[in-house]
Amino acid sequence: MKIAHFASIGVAALVLGGAICPAVAQDIPAAKGMNDIERASLMQTIAAAKAEGALNYSDTIIQPTTNDVLVSAFRSYYGLANTFTVNYTLLTSGAMITRVEQELSANRITFDVAAIGSPTWTFERQKTGAFLNYRSGQYDFYQDAIKAGLGVDGYFVLNGGYAQIPIWNTEIFDFKGKSYKDALAAVPAGRFSIGDVVQSESHLTTYAGLRQALGVDYFKDMARKKPTFVGRSELSAQRILTGQDMMAFGGNPSRVHQSNQKGAKLKIFYPEEGFTFLPQMTFIFAKAPHPNAAKLWIDFILSETGQKILADKEALISARAGFQSPIPDIAPNFSSLKIIKVDWEKMSAQELIKYRDEWVSIFNP
Amino acid sequence: MNADPHLTPKKKRMTLQASLPLIGVGVGILLIIGPFLAGLIRSLLLWVGNDPQVSLANYSWLLTDTRIRTAALNSLICGLGAMSVSLVLGTSLAWIVSRTNVPGRETLRTLNLIPFFFSPYVGAIGWIFLIAPYSGLMQTSLGSLLGVSFEGPNIYSLAGVIWILSLFYTPYVYLFVISPLQRMDAAFEDAARVHGASFWTTIRLVTLPLLQPGLLSAALIVFVTSAGLFDVPLALTATKGIRTMPTEVFALVRYPSDLGRAAAFGIFITAITIVLTLWQRAHLSKRRYEIISGKGYKPRVIELRTTGTLIALAIEVLYLLTSVVLPVLALVLVALSPLWTGRFNPATATLANFSYVLFDYSLTRQAILNSLFLAVTGATLGVMLSGLQSYYLIRVRSGFKSFIDAILALPLGIPGIVLSLFFLIFAIRTPLYGTLAILLIAYIARFFPFATRTISAMLSAIHPELEESARANGATWAQTMRFVLLPLLRPALIAAWIMLFIIFIRELGASILLYASGTETISIAMLLLSENSVGYVAALALIQLVLLLTGFSLFRLTKVSAIQ
């Protein structure tokens, strides 16, 4: 009781301090351009987040080294001390959904924030009340994306997007094609990988989109060439790097970008048939253990500062209005993309399961 | 319990003496029966809308689904394959160091045990780096020499799984047969040779039949453990869509999960384990195996000729190279490389991967601490529990001992992932979910029989007269335990503690379904890091190996390890 009492006094003091000390607020980048009311509100949230002391977030793309940069920038953005802890867990999409579903069943959510490239699941979970209603001011910059079906105002929006597209090692494989069909024709049988739709929600989502553009026969031809099934993007890149595979059809531009920064010579192309765009939908859980810290994180990750880091380090494609990609070869600007149109909100989980069953019947993994 | 004034002092002592071991047995049975019942009940429930109904639908699905049949067949192949290779290799190694004059056999006797303490999952990762098609160290090294690119053996196959499992389960067979081989009366073999039997005929008709109890026990444990292992098939065959029973259980738990079907599958696997264990007990109880006669004897040591010595040494060297040296070397080279491309470049060697996993990544730091906590606490609690159970099984007179012994031995054969699934079902709506406590309980439940067997073996070798004389001289039961039995049992207790410590440090199957944010272990961290960089995975695997080798060295210092 006493501890709780003193804690509440502490929070109140911090809130009051924040409200009456606009000079402090003006020093932090997050308060730049804010009016007094917005600034006071921000300082209240920061004070409450400091009292919470930590943030737990999970993502299916962001590498731990990028997380280090993000966390450092996040602390600077809000003037948080190093004692404020950010716990980060990188999971595959399938593993994350399994974990979250279990935690929802157990009514014990351990994550505050998550980001995942599984739009169907995200829309479904939002409808069941799993996410917190928080209308970040940054949502103003994502209205076009929300209109395009890549978010629900006040609940979730993409913090970036990517594609699972063909990648290859230019030191081992000479490929100059421009389409999915060119890639399949060029690659030797048994020397390529595809995304494992059974293991990975994002690969299932990609298949659901590609299936509409390429037709089922394309995948039957692919199955005849005996691919390897890979659920993890790092593994598909690793197999390309070492020469086990000549091409990974479910390659991730983030891994290409990161490997090339270490001296590799991997290459990607955005096929002329179009591609499935995977929005990394980010949201706060309704029962997040640190809701105020989570709000700060969402504001930060959707901001120009957060988007720059994600684009630069993870090659994520930003849907923020007016954002210019620092690496357009690997992560082109959002407006220039040829995306296969899929209405993720209308696509049910049952439909996705049908796509998965179809994929299994074609590839028989 | 001692406060009852109606009890005589003798009855009080008997109460304490009887109740403590019974508590140990009771806790052990609860740890097995509780989650098992949770799994059984869940397997019989089918949700229609929001209402659960009792149904056998999950079991009828088991019988009709072709994927399950394929998975079961693949597990059977893995189990039988690993069992066969391990039996041949383990018996050969034990025979070489115990019945021949091969040079350095005392050292080899110890070295042969090292793979027992390694993680098969780490071994599988090491072998991927060694012989991955077109890109393994073997292919790239030979390719550079010969100027060609070649595929090499396919490690991503059932044969690859059998190979890895055989390497790491050979010490199980070795441990089971080395003691009977050392204690076997040479007169049996001499009699066969005198009557004209050749060397191989003597081996086939005399030596092997006398080793049958050890071989059968080893075969059963290797078969059940290999067929139920989750991590090696996950590392090797998942990319080729080759499913096994444990990977299928894992797939059923993943979203969209079907815990009912997963539970039914788990119950089915457990039932097979129970049937096999009962069959083994029944089979061994029908025959007598007396390998030590009442006469004085000297174990036969065969003087090998030069060719025989070379062959024996070649088998030893090949085994140690393939199970320890080569996979560890591959891990070291990958861990030292900033970007692994299948070739090691000494010019770019760096310790950055070690630095990252040890100092820069909070998850691995937390995972190392969690694993150490689970290993130290789990081993301590496990040994306490096993000590009480051993006392009950060896010292207490009871008509149910055989039955209780069979129940307490069940976790030896239940795959870690199945037990983990039962615990998940058991705990998902309790405060235990997502805590280190549930991992701790699952670890102890899965592995306490190993400790119980180690302690029971030593306890049965200590004559009760020592305790009886202490009691006759006025010592209480507690004093007798403290000043007589526990000091005598100390080597076994330490050995059991170290064994559990080692097993808990490398454990993955029982953790994979139960870990949550903040409760990751080293093996889980390795799995999570595999989405990040193989260099980090290799570095963390080597850190785990250092912990395991430390445990192994301590194990060798205990007297009981020599007995085993």
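User: Hey, before we start, what counts as two residues being in contact here?
Analyst: Two residues are in contact when their C-beta atoms, placed from the backbone, lie within 7 Å. Also keep in mind that this is a predicted model.

User: Thanks! With that in hand, how many residues of domain 2 and domain 3 of chain A are in contact?
Analyst: On the domain 2 side of chain A there are 24 residues, and they are in contact with 25 residues of domain 3 of chain A.

User: Which elements supply the domain 2 side that touches domain 3 in chain A?
Analyst: α5 (93-105), α6 (119-127) and β11 (277-284) of chain A each supply at least two residues. α6(A) gives the most, with five residues.

User: Where do the domains of chain A run?
Analyst: The domain assignment gives domain 1 as 1-52, domain 2 as 55-158 + 278-333, and domain 3 as 163-277 + 338-363. Taken over C-alpha atoms, the centres of domain 2 and domain 3 of chain A are separated by 24 Å.

User: Zooming out, how many helices and strands does chain A have?
Analyst: Chain A has 15 helices and eleven strands. Its radius of gyration is 22 Å, close to the 21 Å from the globule rule for 365 residues, so chain A is as compact as a globular protein of that length.

User: What does the C-alpha trace of chain A span along its principal axes?
Analyst: About 70 × 40 × 35 Å. Buried residues make up 54% of the 365 residues in chain A.

User: Now β2 of chain A: is that strand mostly covered or uncovered?
Analyst: Mostly covered: five of the six residues in β2 (residues 85-90) of chain A are buried. Strand β1 (residues 54-59) of chain A runs parallel to β2(A), and six bridges join the two.

User: What stands opposite N56(A) in that strand?
Analyst: That would be N87(A), in β2(A).

User: Last topic, the two chains. How many residues does the contact take from each?
Analyst: The contact takes 34 residues from chain B and 37 residues from chain A. On the chain B side, the elements giving two or more residues are α13 (245-253) and α17 (362-395) of chain B.

User: How do the residues on that chain B side divide by class?
Analyst: They divide into 17 nonpolar, 13 polar and four charged.

Terms used
Residues numbered from 1 in each chain as written. Chains lettered and ligands numbered in written order. Predicted model: local features only at pLDDT ≥ 70, side-chain atom pairs only at ≥ 80, totals over all residues. Helix = DSSP H or I, 4+ residues; strand = E, 2+ residues; numbered from the N terminus. Nonpolar A, V, L, I, M, F, W, Y, C, P; charged D, E, K, R; others polar. Rg over C-alpha atoms; globule rule 2.2 N^0.38 Å. Buried ≥ 20, exposed ≤ 12 C-beta atoms within 10 Å, placed from the backbone. Domains from an automatic or database assignment. Pairing = 2+ DSSP bridges.
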